[in-house]
Amino acid sequence: MTVTWTSGYGINEAEPFVEWGPKGGQQGHSPAGTLTFDRSSMCGAPARTVGWRDPGFIHTSFLKELWPNTMYTYKLGHRFLNGTCMWNQMHQFKSSPYPGQNSVQRVVIFGDMGKDEADGSNEYNQFQPGALNTTNQLINDLENIDIVFHIGDICYANGYISQWDQFTSQIEPIASTIPYMLASGNHERDWPGTGSFYGNMDSGGECGVLVQNMFYVPTVNRDKFWYSTDYGMFRFCIADTEHDWRQGTEQYNFIEHCLASVDRQKQPWLIFLAHRVLGYSSDASYADEGSFAEPMGRESLQKLWQKYKVDIAIFGHVHNYERTCPIYQNICTNNEKHLYKGALNGTIHVAAGGAGASLSEFTPIQTKWSIFRDYDHGFVKLTAFDHSNLLFEYKKSRDGKVYDSFRISRDYRDILACTVDSCPSTTLAS
Ligand SMILES: [Fe+2]
């Protein structure tokens with residue numbers, strides 16, 4: 001487990017650490033690292049100018065060698081040069097299951113949440129009216145959630161640095177209790193001339209520095225925001241749509257390695273996550289482009305999703321909810337809508353970017369692959385009951401109730417089963 005927090009104490013003033021251990025058991029200490037950045041790390045205005053505010057110090061500690069599915073308690077501390085300590089309140093978390101472990105595992109996924117003011121006051125550039133509803137639903141149901149993925153467009157600070165503290169304060173009840181994992185979006189990373197795949201100014205000059213310092217995710221290089229992570233029977237491959245993903249790139253190679261290296265007998269639920277819609281979406285903006293997705297998205301990646309039998313691909317960026325049939329090359333590979341038995345033969349694509357930011361319209365065009373659309377704020381929950389049974393639910397943020405769902409029920413041999421472009425060729429020799 002990784003614990004990250006901010007303070008005003010640099011390494012010459014106090015040592016940051018975490019006191020932690022099994023709940024009710026002996027507590028030990030782990031050191032924390034300290035990072036910060038200054039105005040020269042920002043790529044442009046407003047982050048470098050009127051939006052700049054000294055971020056203080058960002059501390060990260062790695063709590064290692066945890067027993068699976070065990071309750072731990074922890075407290076953040078700073079030890080000053082004179083030996084006195086300052087403490088934060090006690091928190092607790094349940095450690096992750098071992099990869100492949102058979103226990104009930106519940107995952108919440110959404111994009112584009114942002115933040116809002118509980119007292120109704122206005123803020124500059126404010127446009128995430130659903131953010132508090134989503135946050136409050138998750139807090140109210142926290143004992144039934146094991147891990148969260150916020151897949152890009154995190155807080156929409158857009159170069160106004162102090163808004164990151166506002167956002168982290170809003171999600172603290174969640175992020176201090178369960179893993180809060182991220183993907184990178186345009187509002188975190190994009191800036192002209194800085195290596196982002198899109199040359200727009202959506203990050204307000206942050207060019208990824210804020211998200212890469214304020215949160216830890218297990219990337220090899222924090223600017224290349226792609227990584228894989230295992231949670232019990234799930235394997236998640238998280239792509240970074242703000243860097244090139246096309247064949248021949250470093251990221252494409254990573255995606256293939258992530259998908260190829262999972263043992264599906266132990267981790268049958270293979271989920272692909274990314275910010276922009278690389279798969280399918282009926283959002284009006286994508287329909288107007290004629291591609292029904294990010295240009296160069298599925299052309300580049302659908303062969304990988306098919307070959308490695310990705311179950312579900314979930315995206316943000318479009319501020320609405322949509323679910324497709326299991327699909328490959330624009331063709332539904334399964335006509336069922338609610339209970340998938342046996343092989344899917346394709347990947348189910350989901351847009352889940354409706355967690356907070358103002359909603360985006362769907363095209364009136366009806367496609368054959370779109371099963372359910374909702375123009376409202378909401379989020380997705382996956383529950384793996386065991387190696388054979390998965391429940392997918394879409395919940396609205398306004399009431400926490402389920403408005404769309406399906407189940408997958410299958411055996412290991414159904415994952416091994418061959419369909420179009422999913423198996424290597426066989427020999428006639430026996
Ligand atoms: Fe976005």
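In which loop is Pro46 found? Pro46 lies in the loop between β4 (33-35) and β5 (57-62), where helices (H or I, at least four residues) and strands (E, at least two) are DSSP runs numbered from the N terminus. The peptide bond that leads from Ala45 to Pro46 is cis, with omega near 5 degrees. The structure is a predicted model, in which local features need pLDDT of at least 70 and side-chain atom pairs count only at pLDDT 80 or more, while totals for chains, interfaces and linings use all residues. Residues are numbered from 1 along each chain as its sequence is written, and side-chain values use heavy atoms, with hydrogens and water left out.

The protein is divided into domain 1 (1-95) and domain 2 (99-416), with bounds that come from an automatic or database domain assignment. Taken over C-alpha atoms, the centres of domain 1 and domain 2 are separated by 27 Å. To the contact between them, domain 1 contributes 28 residues and domain 2 contributes 26 residues; contact means heavy atoms within 4.5 Å.

In soluble globular proteins, nonpolar side chains tend to be buried together. A nonpolar core is here a set of buried Ala, Val, Leu, Ile, Met, Phe, Trp, Tyr and Cys residues joined through side-chain atoms within 4.5 Å; buried means under 20% relative accessible area, exposed over 50%, and partly exposed in between (1.4 Å probe, protein chains only). The largest nonpolar core has 67 residues, of which Phe149, Tyr180, Phe236, Ile314 and Leu382 touch the most other members. This core lies between domain 1 (1-95) and domain 2 (99-416), because both give residues to it. When neighbours within four places in sequence are left aside, Tyr180 is in contact with Phe110, Met113, Val148, His150, Phe167, Ile171, Ile174, Ala175 and Phe215. Another core, of 27 residues, lies apart from the largest one, and its members include Ala239, Leu270, Trp305 and Tyr308.

Trp305 also belongs to the buried residues of helix α7, together with Arg298, Ser300, Leu301, Gln302, Leu304 and Gln306. Since 7 of the 10 residues of helix α7 (residues 298-307) are buried, the helix is largely enclosed by the rest of the structure. Its buried residues pack against α5 (250-260), β14 (269-274), β15, β16 and β19. Lys309, which follows α7, has a positive phi, near 60 degrees.

Positive phi values are also found in two loops. His317, in the loop between β15 (312-315) and β16 (321-328), has phi near 75 degrees, a positive value in a residue other than glycine. His317 is partly exposed, with a relative accessible area of 21%. Asn345, in the loop between β18 and β19 (347-352), has phi near 65 degrees. Asn345 is likewise partly exposed, at 29% relative accessible area.

A pair of aromatic rings is described by the distance of the centres and the angle of the planes. Rings of Phe, Tyr and Trp (its six-membered ring) pair if their centres lie within 6.5 Å, and planes under 30 degrees apart count as stacked, over 60 as edge-to-face and the rest as tilted. By this rule the count comes to 22 aromatic pairs. One of them is the edge-to-face pair of Phe197 and Tyr198, at 5.5 Å centre to centre and with 70 degrees between the planes. Phe197 is partly exposed, at 23% relative accessible area, whereas Tyr198 is buried, at 17%. Tyr340 and Phe406 also form an edge-to-face pair, at 5.6 Å centre to centre and with 85 degrees between the planes. Because Tyr340 lies in strand β18 (residues 339-341) and Phe406 in strand β23 (residues 402-409), the pair ties together parts that are 66 residues apart in sequence. Tyr340 is buried, with a relative accessible area of 0%, and Phe406 is buried at 2%. Elsewhere, ring pairs link Trp20, Tyr72, Tyr74 and Phe93 into a cluster.

Charged groups also sit over aromatic rings, a placement that requires NZ of Lys or CZ of Arg within 6 Å of the ring centre and within 35 degrees of the ring normal. Lys75 lies over the face of Trp87, 4.6 Å from the ring centre. The charged end of Lys396 sits over the ring of Tyr403, at 4.7 Å from its centre.
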